[in-house]
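Hello,

Here is the structure I promised to pass on to you. Please have a look at it first, and then read my notes below.

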Amino acid sequence: MAQEEMAKKEKRSLSRRTLLKALAGIPVMGFFTFEAFRKINFDRDKRSRVIKELGLEDLKAPRIVTGSSGKKGDLLRIGFIGYGNRAQQLSHSLGFMHPDEVQRRKQNGTLAEWLEQEDLNVALTGICDVYDLHAEKGLTTAKNEIRPGGNSGQSLPVKRYLSYQDLLNDKDIDAVIIATPDHHHAHITSEAVKAGKHVYCEKSIARTEDELYEVYDTVRNSDRVFQLGHQITQNVVFQQAKEIIKRDILGKICLVETTTNRNTASGAWIRHLDSDGNPKPGDEKSIDWLQWLGSRPYKPFTTDRFYNWTKWFDYDMGMIGQLFTHEFDAVNQLLRIGIPESAVASGGIYYWKDNREIPDVLHATFEYPKKEMTLTYSANLASSRQRGRVFNGHDASMELGGSLSITADWDSTKYREQLDRGIFDSSGPMISINPGSGGDVDAITSATAKYYAARGLTTTNINGRNVDVTHLHIKQWIDVIRNGGQTNANIERAFEEGVACVMANKSYLEKRRVEWDPINRRIV
Amino acid sequence: MKGTKTFTTFQLTTLVLLRMLIGWHVLYEGISKLLIPNWSSAMFLKESQWILSGFSDWIISNSGVLQVVDFMNTWGLIAIGIGLILGLFTRLAAIAGATLLFIYYLNNPPLLGLTYNLPSEGNYLIVSKTLIEAVALLVLAVFPSGSEFGLDRYVSRFVKSKTKKEE
C-alpha cells in the first residue's frame with residue numbers, strides 16, 4: 001500500500017518535472033518579447049527625436065495618384081516632331097509602346113507596371129521624322145492596341161508628315177512633342193505656338209541668344225501651354241527637398257555643386273554603332289538630310305553626324321545643353337536662382353579624341369552675388385565615379401538625386417547642441433527620403449542604412465519600382481492644357497535656364513568671363 | 001527518441017542552450033524584417049554572386065516572385081525561431097533553418113575573388129558565421145533536444161498515442 005503511494009507520488013512529481021522541462025522555452029520567449037519591444041521603442045524614439053528636432057514631423061509625402069484621375073477632358077490629339085530614341089521613351093510615358101518593346105517587357109516582367117500607368121486620354125495622330133525607319137516605328141507604336149487603361153486602342157488614325165510644317169498646318173493636331181536634335185527646338189517651338197499648338201519640348205530650349213529671345217517672346221505672348229522636358233523634378237523627393245529648403249534645415253547655402261560623370265562611348269555621344277559594333281542603318285535615300293540640317297551649314301551626310309550630332313556645336317551645346325540643363329533646372333526649381341550675374345566655363349577634349357568639337361571635361365561656375373551663392377557644374381566623360389548634386393549649407397548639406405539625404409554639418413551653429421548631445425551624428429546622413437517608400441521622411445539610425453543612403457543604394461531604387469517621372473511631367477503638361485495653371489518647366493524657367501546655358505557656352509567658346517546685362521537683357 | 005536518453009545532463013544543457021541562442025537570433029532577424037518599412041530581400045539578392053546569382057536575378061526581376069520570397073523569408077525566420085526556442089517541431093525547424101541559412105551562404109560566400117558592397121563585420125575566408133550557424137542547426141537536427149526540453153515532448157506523445165490507437 002505504502003509502496004503504491006510512493007510510486008504515485010513519484011509519478012506526479014515526475015510529470016511536474018516533465019511539464020517544467022517541456023515549457024523551458026516559454027520564459028525565453030517572454031524575455032525575447034520584452035527585449036524586442038524595448039528595442040522597437042528605442043529605435044522609434046531615436047528616429048522621432050531626429051525628425052522632431054528638425055521640425056519635420058508633419059512633412060508627409062504627397063501621394064502619387066497612379067490610377068485613373070476621373071474626369072479626363074476631351075481626347076487630346078498629339079503629334080511627334082522627331083521620332084528617335086527619346087521620342088520612344090516619351091511615347092511610353094504618354095501611353096504608347098512599340099510591339100517589340102511590349103514583347104521585351106513581357107519577357108522581363110515589367111509590362112504590367114507600365115499597363116498600370118494612368119491613361120491620359122490622348123491619341124497619337126501625327127508622326128514627323130526625316131528618317132523613314134524612325135517614322136515607321138512611330139506609326140507602329142501609335143497603332144499598337146496594347147495600352148494602359150485596357151486594350152481599347154486609339155480611336156483615331158495616325159498619319160505621317162514629311163515635314164514638320166505639314167504637321168503644324170494640320171488643324172486636327174492639338175499639341176506637339178518636339179524631340180528633334182537641339183538645333184530645331186527653338187524655331188519649331190516658335191512656329192508650333194504660332195500655329196496654335198501646345199508644346200512639350202525636349203531640352204535644351206535654344207542654342208543661341210537670338211533663338212532664345214525669339215522663342216521666349218513667342219511663347220510668352222501666346223496662350224499655348226509650354227513644358228520643357230525636365231522630368232526629374234517630378235520625383236517626389238524634389239517636393240520634399242523644396243520643403244526642406246523652405247524650412248531652412250540646411251542653413252545658409254553659399255555653394256551648390258552639380259556634376260556629371262560618365263565613362264562610356266554612348267555616354268560620350270558615340271551612338272552610330274549597334275550593340276554588335278555594326279553601323280546603324282540610314283542613308284540619304286531614307287533620310288531627308290537637308291531638312292535635318294535645317295539652317296545649319298551644309299555638311300555631307302554620314303551616320304556619324306546623323307546619330308552623334310551632339311559632338312558638334314552646330315547642333316547643340318554639348319554637355320551644357322544635354323546634361324547641365326537638367327542640373328540647372330533641378331537647382332532653379334528648388335532655389336529659384338534665376339539668371340546668373342556672370343559665368344565662366346573652361347574645359348577641353350582630353351579623352352575622346354575623335355572628330356568632336358564639344359569638350360569631354362568641362363567646368364562652369366555661375367555667380368549670384370545678390371543671392372550670395374555660387375552654382376558650379378563639373379562634368380567628366382572619362383570617369384564613372386558618381387559625385388552627386390550637393391547643396392552645401394552651413395548647418396547641413398543635402399545630396400539630392402533619385403533619393404535625398406541630409407547630413408548635419410560638424411561645425412553647424414544651429415545644431416551645435418544636438419551634435420554635442422549625440423542626437424545628431426555628422427558622420428553620415430541623418431535623414432533620407434526615398435521615392436519608393438512613399439517619400440516619407442526616415443531618420444537613419446543603423447550603420448547599414450547609413451551606408452546605403454550615403455551611396456544612394458536604396459531598396460526601392462534597386463527594386464526598380466520607380467514611378468516614371470516623364471509620365472508625370474507630360475501629365476502635368478496635359479493637365480494644364482485641360483484645366484489651366486502653370487507647368488513646372490514653363491517658358492520663364494526655360495528662359496532663365498537658356499540664358500545660363502548660352503552664357504556658359506559662350507564663355508567656353510570665347511575663353512572669357514561673360515556677364516548678364518539685366519537692363520538691356522543681353523549677354524555681354 | 002532513443003538518442004536523448006543517452007545524453008548526460010551537461011550535454012543536453014549545452015544543446016538546449018545552443019538551440020535557444022540560434023532560435024533567438026533567427027527570430028529577431030525575422031522580426032526586424034517585419035519592422036523595417038518596405039523591407040525587401042532585393043538588396044541582398046542583388047548582391048548575390050557565385051552559383052545562385054542567376055536565380056536571384058530572376059527573383060528580383062519578377063515582382064510577384066519577390067513578394068512571395070520576402071513573405072516566406074520573414075515569416076519562415078519567425079516560425080523557425082519560435083520553433084527552436086520553444087522546442088516545437090525542433091527537428092523540422094532546425095532542418096528548415098539550416099537550409100535557409102545555407103541558401104544565404106550560397107548567395108554570398110566569402111570565396112576568393114568575390115567582393116561585396118555590403119561591409120561584413122568580420123574577416124572570412126570560405127567559412128562565414130552563416131555557414132557555421134547552418135551547420136550548428138544540422139547538429140541540432142541530428143541531436144534533437146526538443147522532446148526533453150521543449151513542447152515536442154507533448155507532440156511526440158500525442159503522435160505516439162494516435163499511432164497506437166490506429167494500430
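Let me start with a cavity. The largest cavity is lined by Phe313(A), Met317(A), Gly318(A), Met319(A), Ile320(A), Pro359(A), Leu362(A), Asn505(A) and Tyr508(A). Before going further, please note that this is a predicted model, in which local features need pLDDT of at least 70 and side-chain atom pairs count only at pLDDT 80 or more, while totals for chains, interfaces and linings use all residues. Residues are numbered from 1 along each chain as its sequence is written, chains are lettered from A and ligands numbered from 1 in the order in which they are written, and side-chain values use heavy atoms, with hydrogens and water left out.

A cavity here is a set of points, on a 1 Å grid over the protein atoms alone, where a 1.4 Å probe fits but cannot get out; lining residues have an atom within 4 Å of a point. Grid points are joined across faces, edges and corners, and a volume is the space filled by probe spheres set on the points. The count comes to 1 cavity of 30 Å³ or more, and the volume of the largest cavity is about 40 Å³. Its lining divides into 7 nonpolar residues, 2 polar and no charged (Ala, Val, Leu, Ile, Met, Phe, Trp, Tyr, Cys and Pro count as nonpolar, Asp, Glu, Lys and Arg as charged, and the others, Gly among them, as polar). At least two lining residues come from each of helix H13 (319-335) and helix H18 (491-510) of chain A. Helices (H or I, at least four residues) and strands (E, at least two) are DSSP runs, numbered from the N terminus.

Next, the domains. Chain A is divided into domain 1 (76-232 + 471-490) and domain 2 (236-466 + 502-510), with bounds from an automatic or database domain assignment. Their centres, taken over C-alpha atoms, are 24 Å apart. In domain 1 of chain A, 25 residues are in contact (heavy atoms within 4.5 Å) with 31 residues of domain 2 of chain A. Between them the two domains bury about 2,300 Å², 54% of it on carbon and sulfur atoms; buried area is the accessible area (1.4 Å probe) that two parts lose on being put together, summed over both.

Lys203(A) and Ser204(A) are joined by a cis peptide bond, with omega about 0°; Ser204(A) sits in the loop between strand S5 (198-201) and helix H9 (209-220) of chain A. Asn121(A), a residue other than glycine, has a positive phi near 55°, and its place is in the loop between helix H5 (111-115) and strand S2 (122-128) of chain A.

Finally, chain B has 7 helices and 0 strands.

Best wishes

Conventions
On a 1 Å grid over the protein atoms alone, a cavity is a set of points where a 1.4 Å probe fits but cannot get out, and a pocket is an open set with protein on both sides within 12 Å along at least five of seven lines; lining residues have an atom within 4 Å of a point.
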